[in-house]
Amino acid sequence: MRPFTIFWFVALFGATVAGCGSKSSGGMPAQDPERQSVAEQDLAADLWIRRGQPRQALEHALKAIELDEKNAEANHLVALLYLDFCRRSIDECRLGEAARYAKVAVDSKPDFREAKNTLGVVLIHQKRYDEAIATLRPLAEDILYQTPENAWGNLGWAYLQKGDLDKAIEALRRSVAAQPNFCVGSYRLGLAYERKQLSAAAVEAYTRALDTDQPACKALQDAYAGRARSLVRLGRADEARVDLDRCVTLDKRTTTGRECGALLGKLK
């Protein structure tokens with residue numbers, strides 16, 4: 001398993017980080033364990049989100065749970081931090097821990113929708129696709145969920161990884177319908193079309209993923225690679241070369257960057 005790529009990170013954290021410090025201590029001195037737990041949780045969120053110190057953040061988030069084991073927000077934050085470590089390094093990836101804390105967050109606060117989304121993501125990475133689908137489908141259909149594109153996008157991802165392409169396409173189309181600028185959903189839709197050998201539809205979906213004003217979306221290296229592969233199948237080699245050049249420029253050291261370099265070499 002390689003470190004998680006940026007596109008899933010954008011999809012997951014775009015709607016979850018904001019809730020990490022949702023309980024506020026209001027500047028009052030923390031006296032009882034619950035208030036101390038909230039203070040530690042808020043400090044952990046600040047260390048991670050604003051200061052970029054995930055190790056120190058994890059230490060304080062775990063301290064928050066020691067003080068109040070049912071602090072759902074703190075448990076969710078720990079799950080997110082473990083996922084962040086997975087993004088950074090294979091050796092530091094602890095998916096089992098991420099799943100455990102996400103599950104506690106959901107059990108402690110059954111209406112904690114962002115924690116359910118996080119749990120679904122962890123289950124996908126663990127290749128527990130049926131469990132992920134069972135977690136994400138009710139969330140996607142929950143009218144009170146403020147970012148349904150995330151749930152539909154992750155549900156589609158679970159179906160895609162399971163190999164159920166028709167259900168993946170259905171869910172991913174609903175994802176981008178809910179939020180047309182959701183580039184991760186469009187990328188995954190392109191991948192689903194590509195796997196069904198629907199090259200023209202794949203190019204269209206990959207293009208929607210890349211044609212945004214969001215820097216992270218414009219850096220979706222896998223989307224450039226996918227569009228290039230589909231363009232080659234359509235006999236549009238000149239356009240494919242442009243995407244492959246961009247893909248290699250983004251980072252030639254990644255698995256995707258090497259793939260793009262190899263395909264570019266074949267086209268020259």
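Let me begin with Arg55, which touches Phe85 and Glu92 once residues up to four places away in sequence are set aside; contact here means heavy atoms within 4.5 Å. This is a predicted model, in which local features need pLDDT of at least 70 and side-chain atom pairs count only at pLDDT 80 or more, while totals for chains, interfaces and linings use all residues. Residues are numbered from 1 along each chain as its sequence is written, and side-chain values use heavy atoms, with hydrogens and water left out.

Arg55 is found in helix H3, residues 54-67. Helices are DSSP runs of H or I with at least four residues, strands are runs of E with at least two, and both are numbered from the N terminus. With a relative accessible area of 52%, Arg55 is exposed; the classes are buried under 20%, exposed over 50% and partly exposed in between, with a 1.4 Å probe and protein chains only. From Arg55 to Leu81 the C-alpha distance is 8.5 Å, across 26 residues of sequence.

Now the chain as a whole. Its secondary structure comes to 15 helices and 0 strands. Of the 268 residues in the chain, 51% are buried. Among contacts with a separation of 6 or more, 54% are between residues 24 or more positions apart.

I turn to helix packing. Two packed helices are described by the angle between their axes and the distance between the axes. Here the axes are lines fitted to C-alpha atoms, for helices over the stretch in contact, and angles run from 0 to 180 degrees between N-to-C directions.

How do the axes of H5 and H6 cross, and within what distance do they come? Helix H5, residues 95-108, and helix H6, residues 113-125, have axes that come within 9 Å and cross at roughly 155°. That makes H5 roughly antiparallel to H6, given that angles under 35 degrees count as roughly parallel, over 145 as roughly antiparallel, 65 to 115 as roughly perpendicular and the rest as oblique. The H5 and H6 crossing is left-handed: the near helix is turned anticlockwise from the far one by less than a right angle, whereas clockwise would be right-handed.

On the H5 side, the residues that meet H6 are Leu95, Ala98, Ala99, Ala102, Lys103, Ala105 and Val106, and their partners in H6 are Ala115, Lys116, Leu119, Val122 and His125. By class, this contact of H5 with H6 has 9 nonpolar, 1 polar and 2 charged residues. Ala, Val, Leu, Ile, Met, Phe, Trp, Tyr, Cys and Pro count as nonpolar, Asp, Glu, Lys and Arg as charged, and the others, Gly among them, as polar.

Neighbours within four places aside, Leu119 is in contact with Ala99, Ala102, Lys103, Val106 and Thr135. Leu119 and Val106 are 13 residues apart along the chain, with C-alpha atoms separated by 8.4 Å.

Helix H6 also packs on H4. The axes of H4 and H6 come within 10 Å and cross at roughly 35°, and that crossing is left-handed. His76, Ala79, Leu80 and Leu83 in H4 meet Glu114, Ala115, Thr118, Val121 and Val122 in H6. The contact of H4 with H6 divides into 6 nonpolar, 2 polar and 1 charged residues.

Next, the aromatic pairs. Rings of Phe, Tyr and Trp (its six-membered ring) pair if their centres lie within 6.5 Å, with planes under 30 degrees apart stacked, over 60 edge-to-face and the rest tilted. By this rule the count is 2 aromatic pairs. Tyr82 and Tyr101 are stacked, at 6.1 Å centre to centre and 20° between the planes. Tyr82 lies in helix H4, residues 72-88, and Tyr101 in helix H5, so the pair ties together parts 19 residues apart in sequence. Both Tyr82 and Tyr101 are buried.

The rings of Tyr187 and Tyr206 have centres 5.9 Å apart and planes at 45°, so this pair is tilted. Tyr187 lies in helix H10, residues 183-195, and Tyr206 in helix H11, residues 199-210, so parts 19 residues apart in sequence are tied together. Tyr187 counts as buried at 7% relative accessibility, and Tyr206 counts as buried at 0%.

Finally, backbone angles. Most residues other than glycine have a negative phi. Lys127, in the loop between H6 and helix H7 (129-140), has a positive phi near 65°, and Lys127 is exposed at 60% relative accessible area. Gln197 has a positive phi of about 65°; Gln197 is placed in the loop between H10 and H11 and counts as exposed at 69% relative accessibility.
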